[in-house]
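Here's a quick tour of the model on your screen. Have the viewer ready and follow along residue by residue.

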Amino acid sequence: MQSGSSATFVSTPIPAVAGIGLRGPHYQAIVDQKPDVGWLEAHTENYFGDGGAPLFYLEKCRENYPLSFHGVGLSLGSVDPINLDHLAKTKSLIQRFQPGLISEHLSWGSIDGEHFNDLLPMPYTEEALAHFCERVDQTQEFLGCQMLVENPSSYLSFSHSTIPEWEFFVEIAKRTGCRLVVDVNNIFVSAQNHNFDADAYIDFIPPDLVGEIHLAGHAINTHDTVKILIDDHGSVVSDSVWTLFVRAIGRFGAKPSLVEWDSNIPPLEELLAEAQTAQGILDECRALVA
């Protein structure tokens with residue numbers, strides 16, 4: 001199967017409604033059924049090939065939905081030089097598909113050219129903040145557009161960190177002009193793992209810096225008597241995360257809100273039901289404001 005090459009898309013802003021992540025098992029169903037969902041998010045690196053099924057289906061989906069591109073492999077926090085080939089492929093996709101949003105992670109995942117299959121946490125120090133902001137600046141200049149940065153989930157912290165994560169996260173946007181993806185599940189997971197106040201994290205973020213919100217499920221692991229939450233994107237959104245989402249929407253207003261599901265991927269109908277729950281909360285927020 002070859003991807004098309006003649007389609008020309010016009011940039012379509014992502015509306016402040018619920019969307020879903022575009023995943024391989026759902027390609028055909030989305031193309032055939034055209035479900036009533038506001039937008040789709042694609043993991044950029046899945047479409048770096050020159051042809052084949054992923055690009056074919058991405059083009060078909062783009063005909064009916066606004067797209068957001070979410071990178072998982074740029075490793076912005078690494079001390080390795082930024083991968084210019086990676087950026088060039090990302091830029092080519094942006095020019096072709098005209099996504100409404102482009103985002104990456106507050107994390108690192110490579111060293112000496114070796115890549116890890118994970119989004120690893122950073123120390124929250126002034127040195128790391130300056131380094132990360134420089135990398136965001138380089139990326140935005142290369143791509144020629146504003147990007148968004150997503151807060152991480154984490155399972156350990158660095159003893160030499162001197163800046164609370166929420167302050168580090170917000171300062172990136174203030175220094176670089178990027179905007180923020182507020183992953184509500186990640187905040188909840190990290191708050192439980194590190195014993196900080198998830199509500200206070202949400203309340204610290206200026207609403208005008210928020211461009212998108214993410215939601216997902218998490219797993220609960222127990223080691224000896226210690227409970228550890230894992231951001232596995234493999235289940236429905238928990239009640240506690242929905243509660244935190246309500247708080248986030250109350251503070252930020254309606255924002256494009258994505259439901260992610262990356263492992264134990266269910267039938268499309270189950271993912272759409274989660275998106276409908278998110279949409280209901282967004283609608284209630286608008287009704288209160290009106």
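## Around His 218

Leaving out residues up to four places away in sequence, His 218 touches Asn 185, Phe 188, Val 189, Leu 229, Ile 230, Asp 231, Asp 232, Ser 235, Ser 238 and Val 241, where contact means heavy atoms within 4.5 Å. You'll find His 218 in the loop between β9 and β10 (219-223). Helices here are DSSP runs of H or I with at least four residues, strands are runs of E with at least two, and both are numbered from the N terminus.

Is His 218 buried or exposed? His 218 counts as buried, because its relative accessibility is 12%. The cut-offs are under 20% relative accessible area for buried and over 50% for exposed, with partly exposed in between (1.4 Å probe, protein chains only). The side chain of His 218 also makes a polar contact of 2.9 Å with the side chain of Asn 185. A polar contact is a pair of N or O atoms within 3.5 Å; within protein, one must be able to donate a hydrogen and the other to accept it, and residues adjacent in sequence count only if both atoms are side-chain atoms.

## What you're looking at

A word on ground rules: this is a predicted model, so local features need pLDDT of at least 70 and side-chain atom pairs count only at pLDDT 80 or more, while totals for chains, interfaces and linings use all residues. Residues are numbered from 1 along each chain as its sequence is written, and side-chain values use heavy atoms, with hydrogens and water left out.

The chain has 9 helices and 12 strands, and its C-alpha trace spans about 50 × 45 × 45 Å along the principal axes. With 290 residues, a compact globule would have a radius of gyration near 19 Å, and the chain's 18 Å agrees with that. That radius is taken over C-alpha atoms, and the globule rule is 2.2 Å times the number of residues to the power 0.38. Of the 290 residues, 51% count as buried. Take the contacts between residues at least 6 apart in sequence: 80% of them join residues at least 24 apart.

## Helix α6 and its end

Asn 185, the polar partner of His 218, is one of the buried residues of α6. Because 9 of the 11 residues of α6 are buried, the helix is largely enclosed by the rest of the structure. Among those buried are also Ile 187, Phe 188 and Val 189. What do the buried residues of α6 pack against? They pack against β7 (148-150), β8 (179-183), α7, β9 (210-215), β11 (226-230) and α8 (239-252).

At the start of α6, a side-chain oxygen of Asp 183 comes to within 3.1 Å of the backbone nitrogen of Asn 185. Just after the helix, Asn 195 takes a positive phi of about 60 degrees. Most residues other than glycine have a negative phi. Asn 195 sits in the loop between α6 (184-194) and α7 (198-204), and is exposed, with a relative accessible area of 72%.

## Another positive phi

Lys 34 isn't a glycine either, yet has a positive phi of about 45 degrees. Lys 34 lies in the loop between α1 (27-33) and β2 (40-43), and with a relative accessible area of 47% is partly exposed.

## Asp 232

Back to one of the contacts of His 218: Asp 232 is in the loop between β11 and α8. Asp 232 counts as partly exposed at 26% relative accessibility. Residues up to four places away aside, Asp 232 touches Gly 217, His 218, Ala 219 and Ser 263.

## His 70

Now over to strand β3 (residues 67-70), where His 70 is found. His 70 is buried, with a relative accessible area of 1%. Which side chains make polar contacts with the side chain of His 70? One is that of His 105, at 3.1 Å, and another is that of Glu 150, at 2.9 Å.

Leaving aside neighbours within four places in sequence, His 70 is in contact with residues including Glu 41, His 43, Glu 45, Glu 104, His 214 and Glu 260. Strand β3 also turns up in the packing of helix α2 (residues 53-62): the buried residues of α2 pack against α1, β2, β3 and α3 (84-97).
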